[in-house]
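Have a go at each task before you read its solution.

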Amino acid sequence: MNNQNFFANFPLLSADWGVLLKILMVVIVLVLFSMFIYDRFVQRKNQLLINYPLIGRLRYLFYMLRNPMRQYFGDETFYDSFEKLEWVNKVSADENPYLSFSPTKPYGNQKTLFKHANFVKEVSEVQEEFSVTFGEKREIPFVSRSIIGRSAMSDGAISPEGTRAFAIGAHRGAFPINTGEGGLTSNFLASLNLENLTNTDYLEIKEGTWFAKGAYYGIRFLTNREVAQRVYRRMVVRQKDKGSFIFDNQKLLYFRIDWTKDLDSFPKEALHGIPDITFQMGSGLYGVRHHDGTFDKERYKKVMRFAKMTEVKLAQGAKQTGGKLLATKVSDDIAYYRGIPAHQDLISPNRFPYATDMKTFFDFITELQSLSSKPVGFKIVISTKERFEDFAKALKARKEEGKSIADFLTIDGGDGGSATAPLEMMSKIGLPIREALEIVVEVLEDYGLREDLKIIAAEKVLTPDDVIELLCHGADFINIARGFMMSAGCIRARECSGAGGRNCPVGLATMDEAKRSKFLVHQKAKHVENYHHNLLHGIRSLMAVMGKSHVSEFSMDDLTAREYVA
Amino acid sequence: MIKNTLGEVSVLFAYPRHLFMLAARLLLAYGFVKPALLKLNDMNATAQWFASLSIPLPTFTAYLVTGIETIAIVLLVLGLFTRPISILLSFVMMGAILFVHESHGFSVSDNGIEIPLYYMLFLFIFASFGAGKISLDNLLFKDDNK
């Protein structure tokens with residue numbers, strides 16, 4: 001059989017397309033020509049295109065590609081070296097992260113190095129379990145099972161699928177997860193199975209009929225779990241905010257927390273099957289507010305039945321303004337979680353409503369402590385020693401009066417916590433974390449508060465050495481956002497906010513249904529868990545080389561500050 | 001229970017609706033290929049045939065109808081300007097029903113109005129529902145009214 005005969009079987013392939021191809025070429029030339037005429041003689045908006053019609057458009061094409069393509073062609077300028085990013089990607093997939101030769105950043109240029117022991121330890125001699133206790137004086141203290149947590153990222157800024165992946169990863173990896181100011185949403189309970197629950201009064205449950213269940217099994221057989229689950233959700237939860245329900249894959253039903261139920265029906269004991277959640281309260285009080293925007297104590301108590309501690313956010317690394325969520329991201333689900341109208345820009349106030357001065361602020365924290373019986377802390381960014389001393393003075397005064405004070409302090413470095421922030425604030429606001437920690441530790445010791453407050457630190461931590469450096473600077477616990485983002489598939493295309501009409505290409509930081517609904521929740525959850533696990537593993541191997549058996553042994557003496565830096 | 005089951009059925013069965021819209025568009029475009037080519041190959045004969053059917057302005061109408069049909073084939077396949085072209089084409093179908101098929105009754109076996117009537121109905125569906133998601137209309141103009 002020759003080619004001619006073979007193609008003769010297919011009418012479309014055997015047809016004579018010659019004329020059409022010629023027409024197509026003529027059309028293309030005509031379009032290009034008319035664009036040329038338009039650019040040069042008609043439009044009077046773009047200077048470049050007048051002088052360089054048609055060809056000048058390449059500039060905008062390359063501009064558009066610059067951020068998504070940067071990492072493939074450009075040098076790594078956001079982090080110490082490209083190898084650190086590679087490390088995150090490799091350990092997330094549980095691949096061996098070892099390197100050959102050297103990292104691309106010249107070794108001699110580093111400002112600090114770790115001091116290694118003369119006679120190193122075996123990894124088996126290093127502590128196996130990491131733990132930090134928050135709020136020892138509270139009725140229900142929080143004992144973490146790691147020294148690394150996922151930093152604050154709102155469900156809403158992160159897609160619901162992304163949040164589910166983080167929550168499942170955090171549950172399996174046994175590390176805390178911070179809700180961000182978007183409130184405690186159902187997605188943080190994604191790892192929960194109703195099988196293990198005796199009390200389900202506080203849940204709103206939707207179950208499919210025989211038809212939907214049959215369709216679920218059929219589609220799962222033909223395709224995969226994720227697709228089947230998506231179709232099943234649409235069939236069973238036929239309402240606008242259907243994304244606010246989460247799936248129980250054992251019993252094939254959907255559930256979400258019904259916040260209208262009485263406090264009495266909410267679980268009194270800590271729930272099994274969910275991660276350790278830190279509830280963050282931002283200036284918008286999302287998830288714990290009345291419709292008029294004031295603080296809802298009952299709702300807060302209900303939220304704290306699921307969360308282990310509360311963090312009040314005064315500021316984050318790159319922005320001291322309130323969060324901004326563009327209308328494209330304010331979906332019906334988000335509106336349900338946060339108690340706000342859907343599809344409108346959501347702009348949180350700059351100042352926390354119950355923090356006009358030190359007294360009102362710390363009174364509010366005390367109130368939260370008594371409402372929840374759990375640890376409460378606050379998140380700030382350091383500017384100067386004097387400004388931070390104001391906090392320390394107020395805390396010390398309260399301590400002397402016998403009042404309760406905050407249980408922990410989250411310090412965000414000025415170079416971190418960017419989310420989507422204005423450039424002018426990213427550039428000039430906030431002290432970098434190392435200097436900030438030095439100030440915080442020194443001031444807290446001076447005021448005799450170091451024992452009362454645990455310090456959580458965060459700023460662009462990616463690898464085990466980053467963690468250890470901050471521990472040496474005095475941090476008790478490390479929060480990571482970017483590393484976890486990358487482990488969950490972020491490719492750093494810098495298109496998070498949906499501004500400019502472009503959405504996160506991997507469906508992690510977008511509410512665009514087409515992109516996020518296909519997010520591989522379970523695979524990414526595994527990657528998130530792997531990343532955390534390998535971070536701890538890396539920390540332990542560094543500790544062995546530094547001759548430490550417990551993280552409490554770290555201090556500034558373990559760092560070498562180098563003078564001969566180019 | 002019945003309400004829930006029916007709700008689930010409607011969600012599940014609605015999934016391939018855009019595929020069916022595409023299939024219908026392609027099928028209809030294919031249906032017009034033969035008549036359009038027949039007319040296009042010999043415009044004089046077409047004009048004479050139109051005159052014999054006592055269609056007013058036969059030569060002009062012949063070019064108009066052939067033009068609409070030819071363009072419609074391309075546009076229906078692409079799903080571009082689907083609503084306007086469907087309306088135009090439905091006028092052609094009305095003409096065909098009135099001038100050609102009406103005297104033959106209904107049944108397709110007698111060359112009656114059955115087939116052009118179905119075509120017309122399809123075209124009205126396209127005009128009112130749009131081209132569906134798999135179309136240039138959706139890609140370029142975000143035709144939301146579907």
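A cavity, on a 1 Å grid over the protein atoms alone, is a set of points where a 1.4 Å probe fits but cannot get out, and its lining residues have an atom within 4 Å of a point. Grid points are joined across faces, edges and corners, and a volume is the space filled by probe spheres set on the points.

Some ground rules: this is a predicted model, so local features need pLDDT of at least 70 and side-chain atom pairs count only at pLDDT 80 or more, while totals for chains, interfaces and linings use all residues. Residues are numbered from 1 along each chain as its sequence is written, chains are lettered from A and ligands numbered from 1 in the order in which they are written, and side-chain values use heavy atoms, with hydrogens and water left out.

**Exercise 1. Find which residues line the largest cavity, and sort them by type.**

Step 1: the search turns up 4 cavities of 30 Å³ or more, and the largest holds about 60 Å³ of space.

Step 2: its lining consists of A:Gly149, A:Arg150, A:Pro176, A:Asn178, A:Thr278, A:Met309, A:Glu311, A:Ile456, A:Phe477 and A:Asn479. Strands E4 (148-150), E10 (309-313) and E16 of chain A each give two or more residues to that lining. Helices (H or I, at least four residues) and strands (E, at least two) are DSSP runs, numbered from the N terminus.

Step 3: sorting gives 4 nonpolar, 4 polar and 2 charged residues. Here Ala, Val, Leu, Ile, Met, Phe, Trp, Tyr, Cys and Pro count as nonpolar, Asp, Glu, Lys and Arg as charged, and the others, Gly among them, as polar.

**Exercise 2. Work out why strand E15 of chain A is largely enclosed.**

Step 1: check each face. In a regular strand the side chains alternate between the two faces of the sheet. A:Lys454, A:Ile456 and A:Ala458 are buried on one side, and A:Ile455 and A:Ala457 are buried on the other.

Step 2: look at the partners; two strands pair if DSSP finds at least two bridges between them. E14(A), residues 408-412, runs parallel to E15(A) over 5 bridges, with A:Ile411 opposite A:Ala457. E16(A), residues 477-480, is also parallel to E15(A), joined by 2 bridges, and there A:Ile456 faces A:Phe477.

**Exercise 3. Trace the path from E15(A) to E16(A) and give its hand.**

Step 1: E15(A), helix H16 (residues 464-472) and E16(A) form a right-handed β-α-β unit. Right-handed means that, with the strands pointing away from the viewer, the path from the first strand over the helix to the second runs clockwise.

Step 2: H16(A) is mostly covered, with 8 of its 9 residues buried, including A:Val467, A:Ile468 and A:Leu471.

Step 3: after H16(A) comes A:Gly474, which has a positive phi near 115°.

Terms used
Buried < 20%, exposed > 50% of the residue type's maximum accessible area, 1.4 Å probe, protein only. 1 Å grid on protein atoms, 1.4 Å probe; cavity = no way out; pocket = protein on both sides within 12 Å on 5 of 7 lines; lining within 4 Å.
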